[in-house]
2 protein chains.
Amino acid sequence: MAKASKRTAIQPTREENYPEWYQQVVKAAELAENSPVRGCMVIKPWGYTLWENMQRVLDRMFKETGHTNAYFPLFIPKSYLEKEAQHVEGFAKECAVVTHSRLEMGKDGKLHPASPLEEPLIVRPTSETIIGEMYAKWVQSYRDLPILINQWANVVRWEMRTRLFLRTAEFLWQEGHTAHATEKEAWEETRQMLDVYAKFAEEYMAMPVLRGEKTEGERFPGAVSTLCIEAMMQDRKALQAGTSHFLGQNFAKASDIKFLDDTGNTQFAWTTSWGVSTRLIGGLVMTHSDDDGMIIPPRLAPAQVVILPVIPKDEHRGPVMEACESLKKELSAITWVDGQRLDIHLDARDLRGGEKMWHWVKKGAPIRVEIGPRDLEKGGVFYARRDTGEKAGCSREEFVGKVTTILDEIQDGLLKRALDFREANSKVIDSVDDFRAFFTPQNEKQPEIHGGFAYSHFCGDPALEDQLQKELKVTVRCIPYADEAEPGTCIFTGKPSKQRVVFGKSY
Amino acid sequence: MAKASKRTAIQPTREENYPEWYQQVVKAAELAENSPVRGCMVIKPWGYTLWENMQRVLDRMFKETGHTNAYFPLFIPKSYLEKEAQHVEGFAKECAVVTHSRLEMGKDGKLHPASPLEEPLIVRPTSETIIGEMYAKWVQSYRDLPILINQWANVVRWEMRTRLFLRTAEFLWQEGHTAHATEKEAWEETRQMLDVYAKFAEEYMAMPVLRGEKTEGERFPGAVSTLCIEAMMQDRKALQAGTSHFLGQNFAKASDIKFLDDTGNTQFAWTTSWGVSTRLIGGLVMTHSDDDGMIIPPRLAPAQVVILPVIPKDEHRGPVMEACESLKKELSAITWVDGQRLDIHLDARDLRGGEKMWHWVKKGAPIRVEIGPRDLEKGGVFYARRDTGEKAGCSREEFVGKVTTILDEIQDGLLKRALDFREANSKVIDSVDDFRAFFTPQNEKQPEIHGGFAYSHFCGDPALEDQLQKELKVTVRCIPYADEAEPGTCIFTGKPSKQRVVFGKSY
């Protein structure tokens with residue numbers, strides 16, 4: 001017997017076609033869309049407000065850990081990229097190159113590049129080299145250290161296959177760049193910022209993450225070590241959601257960041273860099289959304305509550321709108337997490353009720369409140385939770401009193417659900433056969449749908465890692481932080497392994 | 001008898017060499033510096049925090065007037081620029097052109113541009129064309145209007161002669177882009193946003209501005225009308241500090257932004273755009289600073305109060321630092337304008353007192369507070385105002401009680417001083433001889449030092465305006481808003497003039 005199909009707001013469903021479902025959720029929630037410029041997206045107001053909310057929280061966290069913001073040039077001279085060998089290797093293959101500084105009208109009535117530059121400029125794919133150049137000027141003595149600066153900026157990496165938020169040619173991000181007098185301090189900074197990212201992901205995005213170190217093959221070009229947070233999406237693939245790099249003295253040497261230490265000796269500084277980007281929005285969508293569209297964790301929602309007036313007849317408009325406006329005012333005065341006031345949206349558009357309701361379901365507003373003439377009579381409201389679909393009526397007073405409790409429940413519930421999902425799809429695997437079976441698609445049409453995260457012993461051989469990637473599209477996502485490293489034997493080679501690592505397919 | 005020269009913290013003084021004084025103030029306050037990339041600046045933490053404070057206030061004002069933020073691509077296809085004839089004319093001469101998407105290592109061991117693009121991309125000098133393209137997709141019916149979107153972004157204009165903040169190849173700005181169903185509504189928006197800018201300039205920057213309309217020659221390329229705010233700097237030159245453009249249907253036609261009106265007819269939308277940039281920081285510096293460095297209006301200061309511990313002997317460190325920390329905590333809890341808490345900086349660096357004091361004088365912190373062992377005994381503080389140089393001692397309690405009053409006094413005093421300066425250097429001029437004399441440098445070494453703003457009748461002939469610019473470097477800064485236009489006779493041609501316009505030399 002065929003399963004009764006429930007009509008969903010998003011077509012196709014996750015089960016039918018996960019990548020397409022993602023695109024449709026992003027579209028339906030009006031988060032972003034592709035622009036006519038290849039690989040560059042337009043972030044629409046609902047999506048951008050989500051980014052602003054992420055920025056607000058992260059920016060506060062950066063400032064609380066002693067960082068300040070600054071701004072460095074968009075362009076990087078070609079010769080700067082050449083300074084760090086691995087860095088060139090990593091970024092030269094996909095970058096926007098500015099070669100001219102003028103357009104000239106030709107005889108064909110079209111504009112042509114004119115005034116070639118002496119040295120081509122690269123649109124920054126990341127800013128280690130240009131920022132390093134400035135730090136070299138700013139640092140003379142150990143008294144000038146540490147430098148703890150963050151930059152909010154756009155960067156460009158000429159990706160061939162792009163996907164809204166997850167991989168775009170231009171994206172928005174923050175990049176922290178710090179310089180320290182000692183190796184120890186630089187390592188502490190690297191770890192501290194990874195912890196900041198993990199805290200943000202779990203407490204605000206309700207997205208559980210594994211913290212760990214990357215293997216050599218997945219390291220940032222030029223870094224000594226890359227730490228990362230990795231999250232599991234609903235197709236069981238891993239999303240690298242943030243990275244924090246310990247750069248050692250590599251970039252200090254390339255940019256000549258030297259200082260006189262307190263004994264009068266010249267030393268190279270130790271540097272770090274760390275970043276998260278608009279990719280987080282993609283992660284948020286894929287962690288929580290369902291077949292009816294987006295579900296936004298309340299702490300980051302552009303509006304925690306959306307108020308929908310129900311106006312059956314024109315005569316009801318006045319009193320209903322008045323009640324809605326007054327509820328909006330009352331709710332907007334409530335402070336919640338970090339002392340922020342609630343953001344409340346009143347949707348006064350002249351649309352059919354069902355259309356309006358679905359609009360906000362698809363956009364993922366955590367709570368929808370309806371007020372109509374019948375609710376007015378009894379001083380009540382009718383509300384619906386986006387996460388559970390639960391609907392209830394209560395007095396307006398009661399709703400105002402418990403709204404933050406409901407929001408906390410939604411926030412906690414989303415984190416728990418995502419954590420449960422990850423745990424249910426993570427497995428300790430101790431044989432190659434099990435490993436292969438785990439990563440073999442269970443659904444031919446959807447190669448993404450495989451087992452999830454495998455915890456296996458691995459000897460660390462880069463050639464073997466390459467082979468696994470080619471054969472199974474599986475990589476080591478991270479060598480996870482472990483309270484006690486539990487040594488064992490590599491399931492592929494039988495060589496010794498210090499601890500289990502996390503394997504997965506990734507975005 | 002030679003005038004006794006007072007040694008100033010900034011050399012040269014304004015009187016000696018105004019342009020060089022400006023560079024030195026920016027340097028001494030650590031606001032920004034030139035980068036190795038021609039024309040691109042590095043905005044340092046103190047300068048960037050100033051920008052963040054400006055952003056915070058402006059962003060709130062934009063949202064209060066119904067706008068939301070979004071983000072559009074950095075790159076504009078060359079063909080888009082070609083769509084609006086005047087727009088091309090205005091921007092093609094100075095733009096960064098991306099022609100390749102890869103760098104390839106050559107036999108010479110250097111990187112060379114590779115993978116040429118099919119169509120060159122321009123790094124946005126402004127975004128009317130790319131945003132117009134998106135609006136054309138988003139707008140079908142009058143119900144989709146108005147669109148009220150703002151973007152915070154970086155833009156690039158390949159200026160040949162650059163000057164920190166005032167004119168740089170890359171700068172940060174916001175650009176509002178709105179689309180409306182009617183001409184009237186678009187005009188209202190254009191005027192409303194100019195009023196927002198004027199309010200921000202006067203109430204936050206303490207920088208008085210004239211509001212008015214640009215003449216044809218100074219109009220934004222492609223606009224029907226450009227409104228502007230103009231401020232007078234201390235060299236009596238005008239700084240265009242913000243513009244709001246009524247674009248008519250020009251860009252709607254170029255980008256095909258059409259809609260079905262409520263009678264079922266297809267119409268082109270009416271659009272506006274408006275922007276202010278990091279140039280405002282240059283204006284702020286030149287409006288208030290003196291020969292000892294920067295003076296920042298308290299409402300925008302990165303720190304309203306800087307606390308300087310005075311520690312003559314090591315044994316004093318503990319109690320003095322404790323008192324400083326506790327004062328910082330107490331002051332930081334005070335809310336002031338817009339419910340914002342005061343920003344208080346405690347400078348605990350191990351530096352000589354004089355050096356530290358001058359550091360903050362040059363950075364322009366509105367109030368400096370010193371606490372030393374003697375102050376502790378009597379529970380007092382010693383404070384100094386940056387604007388007047390006034391120094392006083394009082395009890396700590398009294399200081400806490402009156403700190404916001406002092407900040408208000410500083411804010412109001414700076415505005416009044418700037419307004420008085422402008423009025424003292426503005427003149428109604430009714431003859432060509434007086435006009436020439438007014439704009440003839442009074443100091444050969446400093447061609448900037450001329451009369452200031454001249455209010456004169458002008459027939460509006462663009463050729464005459466061109467000639468004045470070539471001959472005297474004077475342009476019409478604006479046709480000022482006037483409660484009642486007072487007609488007269490052009491002082492140059494004797495032709496009729498609708499009202500006096502403002503002439504000046506400009507940045």
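Me: How many residue pairs are in polar contact between chain A and chain B?
Reply: The count is 30 residue pairs, both residues at pLDDT 80 or more. A polar contact is a pair of N or O atoms within 3.5 Å; within protein, one must be able to donate a hydrogen and the other to accept it, and residues adjacent in sequence count only if both atoms are side-chain atoms. This is a predicted model in which local features need pLDDT of at least 70 and side-chain atom pairs pLDDT 80 or more, while totals for chains, interfaces and linings use all residues. Residues are numbered from 1 along each chain as its sequence is written, chains are lettered from A and ligands numbered from 1 in the order written, and side-chain values use heavy atoms, without hydrogens and water.

Me: Which strand of chain A gives the most to the side that touches chain B?
Reply: Strand β5 (residues 97-105) of chain A does, with eight residues. Strands (E, at least two residues) and helices (H or I, at least four) are DSSP runs, numbered from the N terminus.

Me: And how many salt bridges are there between chain A and chain B?
Reply: There are two. A salt bridge is a side-chain nitrogen of Lys or Arg within 4 Å of a carboxyl oxygen of Asp or Glu. One joins the side chains of A:Glu52 and B:Lys63, at 3.2 Å from N to O.

Me: What area is buried between the two chains?
Reply: About 5100 Å² is buried between chain A and chain B, and carbon and sulfur atoms give 68% of it. Buried area is the accessible area (1.4 Å probe) that two parts lose on being put together, summed over both. In chain A, the residues that lose the most area to chain B are A:Tyr71, A:Leu103 and A:Leu111, together 13% of what that side buries.

Me: Changing topic, what is the strand order in the sheet of chain B?
Reply: The open sheet of eleven strands in chain B runs β3-β7-β8-β14-β11-β10-β9-β22-β25-β21-β20, with mixed pairing. Two strands pair if DSSP finds at least two bridges between them. The edge strands, each pairing on one side only, are β3 (68-69) and β20 (426-428) of chain B.

Me: In which sense do β21 and β25 of chain B pair?
Reply: Strands β21 (residues 453-457) and β25 (residues 500-504) of chain B are antiparallel, over four bridges. Within this pair, B:Ala454 stands opposite B:Phe503 in β25(B).

Me: Last one: where is A:Lys362?
Reply: A:Lys362 is in helix α10 (residues 353-363) of chain A. Its C-alpha atom is separated by 6.0 Å from that of A:Asp292, 70 residues apart along the chain.
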